[in-house]
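I open this notebook to keep a record of what I looked up, one entry at a time. The entries follow the order in which I turned to each part.

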Amino acid sequence: MMSRSFLRLALAGAVASGAVLLAGLPAEAGKAPRTVPVRLLALNDFHGNLEPPSGSSGRMVDEHGNTVDAGGAAYVATHMKAMSDKNTIAVAQGDLIGATPLISAAYHDEPSVEFLGKLGLDVAAVGNHEFDEGYAELKRIMKGGCHPVDGCSPAGQWKGASYDYVGANVLFKNPKEKTDALAGLGKPGQVDKLLSDWGVPALPPVSVKWMNGVPIGFIGLVTQTTPDIVSSDGIKDLKFVDEVKAANVASKVLKLLGVKAQVVLMHEGDQVTAGQSPDACSAIPGAGNRIATQVDPEIDVILSGHSHQAYMCRVKDPAGKERLYSQGGSFGRVITQVDLKVDTKTGDVDRASVVADNQVVTRTVAADPEISTFVETWKGRVAPVANKAVGKISADITNTAAPSGESALGNLIADSQLAATKTGGNAQIALMNPGGVRAPLTYATSGAGEGDGVVTYGEAFTVQPFNNLTQVVTLTGAQLKTVLEQQFTGGPNNQAFTKILQPSANFTYTYSRSAAWGSKVSDMKIDGAPVTDTQSIRVAANNFLVGGGDAFLGFRDGTELWSGPLDIDAFVDHLSKNNPIAPPATNRITVVD
């Protein structure tokens, strides 16, 4: 339950502002300048990439149209130092942790959060991946303490994040009592109205930072689709409400505090036209644009994330005035620099002064020595685990989708989950979500240095970094067909785009591209035998899918839940028992027009 923590965060700068404000005044006349400068440096979707990301995840199109190597914590630090000045506030737009490489994930992302503290991060919105291990774990990351199961990391007891996490649209579902987080503002009627419109926040909704004698208010937002894309059990007590409504209420809270310069840090964004400069307004209007154009006109800047794209746009607020709407890619490949001026008389941003630039984090600069040492320390700590050989492959096994929507690696993971859940869970088939297959297995690469085809634990973990449980539920044949129909757009589950579940080898079916939703799937067979509507089928999947993740709500109708090993353990076990393993065929699904 949230108490006065939000109020303390919001007012912390105000309590100390007297000294800061006086220090910013010219000594000779005591007359404040008309405007003061503020620089924002923003990072989004870092996903724990302490080491330089590889492959396409480590490349970026720069301002000149060239594709360059980008990212890596030591290079982020070098660029941040070069871009920072005395007017700088460092911010982030979520997914700083979660879905991370083993160097971070092995220690529950404490290394990444520590790095961000060293970077000087001041405030960050939560992203959906901040909830990967649940709300309780997010609070531990914020406040400190050792992991309740795995204990302390090699660095000792975790001290907590040195920056503020904010999320205005994350509320408790059924609070036992009203929060007093907004108490003491001297306007109880208005506060009560805000609370009745809003609910009880589970996280600080806003953070106020002072710069050059003026307060800057930051509103955190996370995509309201979070319950569909993280495991349900860890957020069962939370609800994620409409971003626009929450932002507008948070904006009013800031105005009650006298804060008129307002910035939204939003973990939601849009897709882009590929191959354009990171400074181009290449965003295709979608969920991010809706929020950026509809939130309160008092909000001056919208910094976004979630879609892993780089763009720099100006959009109209509801009053018809332009404001910045941008995003900086992902994995530490881009830092967004925003320079603006705040009117000292009104306390508001002069929007005509706003200048922004997406700067690519190139690797042509010298790596920051302190952060390089920091990363090497954690590499050493995780190396014995990461470099352990767990199996061999006979050729590349990729996560590239075939025309059917299957990938060889997705099918292999489904096979591994079926093998892991037959005994105990009595699984008959398995299904894997394609978004959970994060990287290919490459034949010619081996972190263990043991020769071509060797798969290390670190490489396997990179494929599946979520530590989901394998689970089994009973579905009828009709319910299974509904789940498969939910792969496609046009249904009541509001699937944003087609997501083909990866099937185990013993499960086949046909889908029609042209058939209406609800009639697309046919000819389902298990081990060659037709599936009937009334038969009971034990279906294995990870707990993310079983909880209705990726809008596969039909899984929630499953009964007789059984939980098995972690998905990474099932995958590693399958690799170790099938040496060498060949890329599975992608012919389990038949597609007709």
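Before I look at any partner residues, I note that two strands count as paired if DSSP finds at least two bridges between them. I also keep in mind that this is a predicted model.

**Entry: a hairpin.** I looked up strand S15 (residues 334-343) and strand S16 (residues 349-360), and I found that they pair in the antiparallel sense over eight bridges. When I followed valine 334 across to S16, I came to valine 360 as its bridge partner. The two strands form a hairpin with five residues between them, and in the turn glycine 347 has a positive phi of about 75°.

**Entry: another open sheet.** Here I wrote down six strands in the order S8-S9-S11-S12-S14-S13, again with mixed pairing. The edge strands are strand S8 (206-211) and strand S13 (310-316), each of which pairs on one side only. Direction ignored, neighbouring strands of this sheet are turned by 20° against each other on average. S8 pairs with strand S9 (residues 214-222) in the antiparallel sense over six bridges, and the bridge partner of lysine 209 in S9 is isoleucine 216. Helix H8 (residues 243-256) packs on the sheet, where it touches S8, S9, strand S11 (261-267) and strand S12 (299-304), and its direction makes about 160° with that of S9. Helix H9 (residues 287-294) lies across S9, S11, S12, S13 and strand S14 (322-328), and it runs at about 150° to S14.

**Entry: two helices.** How do helix H2 (residues 73-83) and helix H10 (residues 369-386) cross, and at roughly what angle? Their axes come within 8 Å and cross at roughly 160°, which means that H2 is roughly antiparallel to H10. I noted the crossing as right-handed. The contact is made by Ala73, Ala74 and Ala77 of H2 together with Ile371, Ser372 and Val375 of H10, and these residues divide into five nonpolar, one polar and no charged.

**Entry: disulfides.** A search of the whole structure gave me two disulfides. One of them joins cysteine 146 to cysteine 152, with 1.7 Å from S to S, and this link is right-handed, with 75° about the S-S bond.

**Entry: backbone details.** Most residues other than glycine have a negative phi, and most peptide bonds are trans. With that in mind I looked at asparagine 212, whose phi is positive, near 55°, and which lies in the loop between S8 and S9. I also found a cis peptide bond that joins asparagine 579 and proline 580, with omega about -15°. Proline 580 has its place in the loop between helix H15 (567-577) and strand S27 (589-592).

Methods. Residues numbered from 1 in each chain as written. Predicted model: local features only at pLDDT ≥ 70, side-chain atom pairs only at ≥ 80, totals over all residues. Heavy atoms only, no water. Axes fitted to C-alpha atoms, helices over the stretch in contact; angles between N-to-C directions. Helix = DSSP H or I, 4+ residues; strand = E, 2+ residues; numbered from the N terminus. Parallel < 35°, antiparallel > 145°, perpendicular 65-115°, else oblique. Left-handed = near helix turned anticlockwise from the far one by under 90°. Contact = heavy atoms within 4.5 Å. Nonpolar A, V, L, I, M, F, W, Y, C, P; charged D, E, K, R; others polar. Disulfide = S-S within 2.5 Å.
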